[in-house]
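Please consider the following points while viewing the structure.

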Amino acid sequence: MENNNLLDVLIIGSGPAGLSAAIYAKRASLRVLVAEKEYMGTGQIAESDQVDNYPGMPEINGYDLGEAFRSHAEKLGVEFHDGTADGFTADADGWNVHFTDDSQISARTVIYCAGAAHRKLGVEGEKEFTGKGVSYCAVCDGAFYRGKSAAVIGGGDTALGDAMYLSDLCDRVYLIHRRDEFRGSSSSVERLRQKDNVEIITGAVPAKIAGDQTVTALELKDGRSIPVHGAFVAVGMQPQTECLQGVVDLDDGGYIIAGETGVTSAPGFFAAGDVRTKALRQVVTAVSDGANAATAAAEYLKNLTL
């Protein structure tokens, strides 16, 4: 017998992907609930001092953009649940989701949008100057350092790409890596070496990010101090998928294997936003992911009734 008390869609995470999914699910007349671990949270976008690459909203504060997304969902009647999901089990009706407070919510489908967190350097000044010179996204914030100096910390392809991107904007770019060899593409390293305004510093470990109101220098453990206006940390991402081991297929980095539709290896379980496998992780792609996943979930539910 059909359980008419079940939610159609339970969305985990209320960042741009989750809120977009909620808007599309609600407009499809689905019974939807958004679960978010942070009270009134809107995801990492709230930490951005300024967002200048979301179409139609130039120079908007990240907090304000997140609030606009949430307000849109609320006006459509989307409801929210405060809690951290930590367990997922499937049954004949759909999915049972367990939360850390021992509560449980059941739904026919789940759209998982818990995101990925930037790995931190863990040095003095990093937290203090986040949004005031410390950034984790060159594409997002690089334009604010046009004509200025910036440091990129990391040795993978993301760090190399960030340094290349910033070299076209900044007066001076320092690429800082703790090892002598880079993990990223050797061709990218060679291209950076040919840039007159890029200085590569290997075997160097950051000790402190210094500044007053904003960043003024990156201090290294060997005593050197590099004058910069911005410090871009590119030491990797950590997808929030610890609770999904054995639930859906993950790649070697822990990201959910899913294409643009958000369809995963588990029936009725969808992924959207930074948590899924993809090349570009931006607000605009997260919003797109949410819309696609909600549309795929609606189609999945429709097929269940046929």
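**Notes on the model**

1. Seven aromatic pairs are counted under the rule that rings of Phe, Tyr and Trp (its six-membered ring) pair if their centres lie within 6.5 Å, with planes under 30 degrees apart called stacked, over 60 edge-to-face and the rest tilted. One of them joins Phe88 and Phe269, which are edge-to-face at 5.5 Å centre to centre with 80° between the planes. Because Phe88 belongs to strand β4 (residues 85–91) and Phe269 to strand β17 (residues 269–271), this pair ties together parts 181 residues apart in sequence. Strands (E, at least two residues) and helices (H or I, at least four) are DSSP runs, numbered from the N terminus.

2. This is a predicted model: local features need pLDDT of at least 70, side-chain atom pairs count only at pLDDT 80 or more, and totals for chains, interfaces and linings use all residues. Residues are numbered from 1 along each chain as its sequence is written, and side-chain values use heavy atoms, with hydrogens and water left out.

3. Are Phe88 and Phe269 buried or exposed? Buried means under 20% relative accessible area, exposed over 50% and partly exposed in between (1.4 Å probe, protein chains only). Phe88 is buried at 8%, and Phe269 is buried at 1%. Phe88, Trp95, Tyr112 and Phe269 form one aromatic cluster.

4. The charged end of Arg281 sits over the ring of Tyr255, 4.1 Å from its centre; this requires CZ of Arg or NZ of Lys within 6 Å of the ring centre and within 35 degrees of the ring normal.

5. Ser29, not a glycine, has a positive phi of about 65°. Ser29 lies in the loop between α1 (16–27) and β2 (32–36) and is exposed at 65% relative accessibility.
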